[in-house]
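Hi everyone, thanks for coming along. Today I'd like to walk you through one structure, a piece at a time.

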Amino acid sequence: MRTPQPEGHKGSLMWIQRAVAERWKSLEVPILQSVHDAKEIFWLSPLREDEFAEYSDEAFLTLLSLEELVTPLKEFWPRRGPQWDALARFDNDDILLVEAKAHIGEFCTPPSGASPDSLGRIRNALFWTATELGVEADVAASWHSVFYQYTNRLAHLAFLRSRGINAWLAMVGFTGVKGFPGRTTEEAWEAAIRVAHYALGLPFRHALSRYVIFVHPSVKGRT
């Protein structure tokens, strides 16, 4: 699904649109430092000339030229899957999935609200992902109910990697954002991530950890 977005005037919608359009070094450099054999990012969304559209389901695969995975994705995950805040390719042809947040409350997402039929498939996909990453089975069974947006992004990264796609996931937590309760500092984001991993039973090192990039660009001084 292709979903046009308004030009953002606050929150993560505004900041990810700006960071992509203005090619913020504080966003791109940490990502490129993690993808060692890449030297440039080619952003595919969100773009002004594309109505700042965000992509999900088969549309995000098509945008990334991965049409051959449309049917396997439908088998893995029901419709209305993750709507990616940004998508890109690297000059080495690896791909990048991006989830962006402006404050820590956005990271602490509620359980899946899927229908019973869809929820069964989601739970199966999340259980497979979690156990592949070394999570104990009893904890893996609850991955649909805690930090759900993070877990479903990890599941899609695992789906792509398991099919030989050199995919990376950037979890972007902007810092210095005003207008929200609590602190949006790098230290606060790192603490929130540690709590999430503890709640999810994720080991410090797991099979996907090197492909998940936590980035904390500052918005201070940008108007």
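What you see is a predicted model, in which local features need pLDDT of at least 70 and side-chain atom pairs count only at pLDDT 80 or more, while totals for chains, interfaces and linings use all residues. Residues are numbered from 1 along each chain as its sequence is written, and side-chain values use heavy atoms, leaving out hydrogens and water.

Let's begin with strand S4, residues 86-90. Strands here are DSSP runs of E with at least two residues, helices are runs of H or I with at least four, and both are numbered from the N terminus. Five of the five residues in S4 are buried, so the rest of the structure largely encloses this strand. By buried I mean under 20% relative accessible area; exposed is over 50%, and partly exposed is in between, with a 1.4 Å probe and protein chains only.

In a regular strand, side chains alternate between the two faces of the sheet. In S4, Ala-86, Ala-88 and Phe-90 point one way, and Leu-87 and Arg-89 point the other.

Which strands pair with S4? Strand S2, residues 41-45, runs antiparallel to S4 and is joined to it by four bridges; pairing takes at least two bridges found by DSSP. Here Phe-42 has Arg-89 as its bridge partner. Strand S5, residues 95-101, also pairs with S4 in the antiparallel sense, over four bridges, and there Leu-96 stands opposite Ala-88. S4 and S5 make a hairpin with four residues between them, and Asp-93 in that turn has a positive phi of about 80°.

Now for helix H8, residues 148-162. Its 15 residues reach 21 Å from first C-alpha to last, close to the 21 Å expected at 1.5 Å a residue; that expected span is 1.5 Å times one less than the number of residues. Of those 15 residues, 13 are buried, so H8 too is largely enclosed by the rest of the structure.

Is Glu-54 buried or exposed? Glu-54 is buried, yet it has no salt bridge, meaning a side-chain nitrogen of Lys or Arg within 4 Å of a carboxyl oxygen of Asp or Glu. The nearest side chain of opposite charge is Arg-153, 7.5 Å away.

Finally, Met-14 sits in helix H1, residues 11-21. At 15% relative accessibility, Met-14 counts as buried. Met-14 and Ala-102 are 88 residues apart in sequence, with their C-alphas 9.3 Å apart in space.

Notes:
Lys and Arg count as positive and Asp and Glu as negative; His and the chain ends are not counted.
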